[in-house]
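Take a moment with the sequence and the 3D view first.

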Amino acid sequence: MTEVAEYVEVHRHPEPTSFISKWIFSIDHKVIGIQYILLAIVAVFIGMGLSLLVRLRLVWPEKSFAILGDLFPIGAPDGVMTPEFYLAMLTMHGTVMVFMVLTTAPQGGFGNYFLPIQIGAADMAFPRLNMLSFWTTFLSFCALMVAFLVEGGAPISGWTAYPPLSALNAAAMEGTGQDWWIISIALFCIASLLGALNFIVTTLELRAKGLTMMRLPLTVWTWFVTAILGLLAFGVLLAAGILLLLDRNLGTSFFIPGGLVVNDQLVNHSGGSPILWQHLFWFFGHPEVYIAILPGMGVTSHVLATFARKTVFGYKAMVYAILAIGGLGFVVWGHHMFMSGMSPYSAFVFSVLTMCIGVPSAIKTFNWIGTLWGGKIRFTTPMLYAIGFVSLFVTGGLSGIFLGQPTVDLWFHDTYFVVAHFHLIMGVAAIFGMFSGLTFWFPKMFGRFMSEGLGRIHFWLTFIGVYAIFGPMHYLGMIPHPRRYAETTGVDFLAAGGANEIQYFITIAAMITITAQFLFLFNFLWSLFKGKVCTEDNPWEATTLEWAIPSPPPHDNFAGKIPTVYRGAYDFSLPNAKRDFAMQCNSDEMVFPRSSGD
Amino acid sequence: MAFILALVIWLICIALTIPFVLKTWWMPDPITDHARAVDAQMALTFVVTGVIFVIAHLALGYAVMKFGRKRSGPADYNTGNERWEVLWTAAATVLFIGLTFMGYTVWAEARFADAQSQPSAGERVVVEVTAQQFVWNMRYAGADGKFGSLNVNLIDDSLGNPLGLDRGQPDGKDDVIVPRMTVPINKEIEVILRTKDVLHNFFIPELRLKLDTVPGIEGRLRFKPDKVGTYEIACSELCGLGHYKMRSFMDVVEQADYDSWLQEQYSFLQ
Amino acid sequence: MATTLTPPLAADGVKHEETQPSVGGGGFPPPARPRDGGGDGSDRPDPVAQAVFRYKLGTWVGIAGIVMVFAAFTSALVVRSGLSGDWVAVELPRVLWLSTALLLISSLTIEKAKRLLRRGVGVRQWLTVTLGFGVLFIGSQWFGWRALAERGIYVSSNPGSSFFYLLTAAHAVHILGGILALSYAVIRVWRPGVWVTRQAAVEATAIYWHFMDALWVYLLLLLMFWR
């Protein structure tokens with residue numbers, strides 16, 4: 001392409017020839033990225049299936065589903081789900097979604113594939129380490145699935161695994177499900193640490209000539225900050241997991257206090273503190289929320305700018321907001337523990353810091369709208385998902401303003417309002433980021449377009465569907481419906497407040513929305529083989545480096561020639577320019593526009 | 001496309017907002033001053049976030065509609081505007097931090113056992129609530145106003161001693177242990193929260209009070225109910241398979257009824 | 001090669017970033033001349049030095065991750081020891097002093113190997129010696145655990161002993177990782193190969209090994225003085 005004006009020759013790795021070294025134990029970041037994405041797709045459908053079981057049990061607690069009786073003879077005898085089966089499904093749904101989907105696909109998947117290309121590198125800094133990260137993640141996924149198969153079944157203590165429930169089999173159920181859960185999480189932590197290391201070094205060291213930090217695409221910024229969060233957070237979860245494993249199996253008492261009596265039996269532990277687990281867990285858990293959502297924010301900025309044909313409004317403010325969100329993410333974990341007996345003084349500090357996160361979030365939201373403002377919007381499917389992301393981010397973010405205040409959290413803590421909040425902001429919004437990213441980059445990754453028609457139908461069904469599912473959960477929070485209740489019959493005020501009707505509505509909405517996801521799966525698989533062929537390097541007329549190379553990219557991305565970068569990541573619609581976009585590696589468009597604002 | 005998307009965004013915004021404005025599904029009536037203060041802070045938060053929610057969605061929909069139409073010429077070239085950045089940064093800071101400062105004392109007051117404002121022992125009713133899978137045990141100190149000592153080795157649910165109370169001891173002789181809480185109206189109530197096994201959470205919606213019962217730690221809540229009635233206690237922290245049905249009730253009754261209820265309990269003990 | 005124990009991150013990796021004018025964000029006027037980005041910039045034109053730096057930076061970043069694991073353990077220890085009044089500090093087995101000495105000496109030997117790297121002679125020998133010390137350290141730790149077990153102090157005996165076994169074992173696992181890295185470095189130095197990998201292997205391993213040494217001293221002090 002004429003745009004690439006200057007190259008630096010680099011050493012080329014030979015292309016692997018055998019199937020195994022090319023597709024299984026590949027050290028190519030692109031293949032590893034696809035592996036992560038496929039893992040996440042498998043996991044997301046498992047997680048979705050679990051959520052369907054959860055929804056069915058909530059609305060029809062006594063109904064018999066014959067197929068379940070065959071699949072889970074203990075958890076669902078005669079097809080009727082037991083309360084502990086409900087809790088196991090809920091625990092595994094949370095764990096699979098948070099770890100195997102929200103942490104793998106945005107970072108390990110898209111980050112792996114596009115970070116090196118967007119910074120003009122032939123691969124990650126440590127390709128073998130990269131392969132190790134993926135396969136450790138895969139092992140972790142297998143370990144998690146083993147939890148379903150062992151005697152006693154999957155753990156029932158929620159994805160937060162609060163001890164003593166998670167530490168004492170007598171209080172939950174006999175079996176090694178919880179141990180497998182911990183082993184899976186520990187492996188996942190190790191994999192994520194290795195991945196984070198790779199991302200950080202790659203971003204710092206492998207940028208092409210001319211690509212300064214303030215010229216990075218916002219996607220790269222979010223992957224970079226996410227990697228830093230992962231590096232500092234996963235080690236803490238690993239440590240906590242090891243302590244819990246010791247408490248369960250070697251008789252230590254890190255998290256279990258003395259004098260507990262379960263089922264009239266005195267527990268043989270003494271002196272530990274369940275609160276300690278909560279601190280360690282949430283020190284990881286809160287940054288984890290941003291690990292899930294930050295890459296989605298990056299993709300949204302990227303896609304909004306591309307299809308609004310406008311440069312990102314307030315690029316610098318966006319970068320600072322990403323950094324602020326990442327930094328603040330480490331000092332707000334206490335807001336998950338307002339109701340666990342925390343001193344009001346500490347709670348106040350955590351509350352103020354939590355509310356501070358609202359500020360960079362507001363900056364990002366208004367900058368996204370500012371990016372659209374004055375644009376010339378092209379409504380492609382990735383753009384639709386990105387606009388959907390902004391809406392979901394606003395809705396999910398604002399409920400955080402309630403939960404961040406201890407006084408109001410008094411009402412909402414552990415109710416469906418919280419479920420609505422985190423599903424919208426870290427679940428659905430992040431997944432919209434992934435939808436956007438996948439449809440946007442699909443032609444680059446596979447040389448074919450995803451179907452726009454199917455994509456649109458899927459967008460409308462899903463966008464309205466998720467609001468139909470999670471919107472009413474806010475009202476359940478007002479009733480107030482505590483979360484993790486296997487049915488609504490146990491407490492009188494639920495039915496009296498109208499919980500049954502809302503739960504019924506949500507289940508129907510969930511069934512429709514889940515069905516719609518198969519449309520996306522079909523679109524993905526069909527487009528892979530039959531989609532419209534993408535012959536151009538830059539079908540979307542975008543500006544960043546991944547669009548300067550063929551689709552799909554050659555083995556080492558730039559065919560041994562690394563481009564030089566001359567400009568910021570989002571030079572759209574420059575005044576007096578020939579075209580409405582100028583690629584980063586383009587040195588032709590030497591126009592100096594009037595300074596506007598900055 | 002532009003118009004439909006904008007319309008859907010606005011419709012979703014309206015559909016989500018209306019039930020909150022109409023209070024279709026709402027909190028039950030408060031029965032303490034603390035609960036009313038929580039409600040005030042809740043209302044304030046609803047107004048602040050509601051306004052931001054509506055503005056953001058209006059703007060998003062408007063931008064989509066206006067700039068999604070066919071237009072001649074390229075998009076505007078605009079890298080940002082510092083004045084706007086400063087404006088929304090400042091506005092968000094003031095609103096969000098302001099909210100925190102306005103509301104934080106409400107909860108702190110319910111939590112702090114401030115010695116000076118504490119009424120003397122006779123003027124308040126102390127109830128010790130001990131959670132266990134999946135039952136609530138309420139203990140009253142009895143006529144002597146002193147709780148008897150507990151011994152984990154004496155715990156035996158089948159013998160009717162779920163707390164391991166040492167009845168042989170003078171303080172413990174007149175302790176009343178019941179599965180349901182009864183408290184007098186217009187009197188300061190102090191609840192001491194304990195658990196025998198795992199985490200539970202003591203939650204009475206009408207009180208707007210919620211606190212985990214943490215193994216190994218005693219939690220304290222204080223409130224002064226001013227409305228007679230029966231109120232449900234629900235467990236609000238995952239505690240195991242029976243979590244969803246772990247509940248009890250709190251009866252708020254007139255002082256005279258409370259006294260006679262207590263006498264009745266003593267007579268059972270004889 | 002100059003020895004440096006300060007993080008190259010501060011000295012090298014980020015600093016040149018900050019000194020650059022931060023022009024050129026999204027949509028800013030493109031400068032006439034390309035600026036230097038990261039690795040391929042003109043600061044380190046030498047591809048060998050660049051690759052070595054990359055491995056060293058990776059090691060430092062990895063160390064940050066490991067620090068967080070032990071920071072979490074430490075905070076757990078501090079919190080746990082303040083609870084319940086059941087804390088019994090473990091009287092450390094004497095053999096731990098031998099362990100400490102072994103590890104301190106091994107730090108010196110790997111430093112020696114690193115300094116000989118440029119001349120290219122004796123590197124393998126000194127690395128092998130370091131490897132030996134690493135294995136001896138693990139052996140010495142094993143005797144430490146045996147000594148405690150003979151006194152009847154096991155993992156679950158009291159919170160102090162739980163943390164003793166936990167921290168020493170977690171450190172030992174990391175030392176095993178270091179032994180693997182050392183073995184790799186020995187093989188790299190032994191076999192004729194790409195110089196980059198050799199220098200990177202030795203220098204990165206040296207950083208890691210020094211860190212293991214410092215971590216052990218920290219853990220020893222923590223176990224000795226936190227009562």
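This is a predicted model: local features need pLDDT of at least 70, side-chain atom pairs count only at pLDDT 80 or more; totals for chains, interfaces and linings use all residues.

Residues are numbered from 1 along each chain as its sequence is written, chains are lettered from A in the order in which they are written, and side-chain values use heavy atoms, with hydrogens and water left out.

**Chain B on its own**

- Chain B has five helices and 10 strands, where helices (H or I, at least four residues) and strands (E, at least two) are DSSP runs numbered from the N terminus.
- The C-alpha trace of chain B spans about 95 × 40 × 30 Å along its principal axes.
- Of the 270 residues of chain B, 53% are buried, where buried means under 20% relative accessible area, exposed over 50%, and partly exposed in between (1.4 Å probe, protein chains only).

**Where the chains meet**

- On the chain B side, 98 residues are in contact with 114 residues of chain A; contact means heavy atoms within 4.5 Å.
- Together the two chains bury about 9,300 Å², with 73% of it on carbon and sulfur atoms; buried area is the accessible area (1.4 Å probe) that two parts lose on being put together, summed over both.
- Tyr77(B), Trp107(B) and Tyr244(B) supply 10% of the area that chain B buries against chain A, more than any other three residues.
- There is one salt bridge between chain B and chain A, meaning a side-chain nitrogen of Lys or Arg within 4 Å of a carboxyl oxygen of Asp or Glu.
- That salt bridge joins Asp492(A) to Arg247(B), with the closest N and O atoms 3.0 Å apart.
- Helix α2(B) gives the most to the side of chain B that touches chain A, with 18 residues.

**Salt bridges within a chain**

- Side chains of opposite charge can pair when their charged atoms come close.
- In chain B, Asp39(B) and Arg208(B) meet in a salt bridge (2.6 Å, N to O).
- Asp39(B) is in helix α2 and Arg208(B) in the loop between β6 and β7, 169 residues apart.
- Both Asp39(B) and Arg208(B) are buried.
- In chain A, Lys30(A) forms a salt bridge with Asp28(A), the closest N and O atoms being 3.4 Å apart, and both residues are buried.
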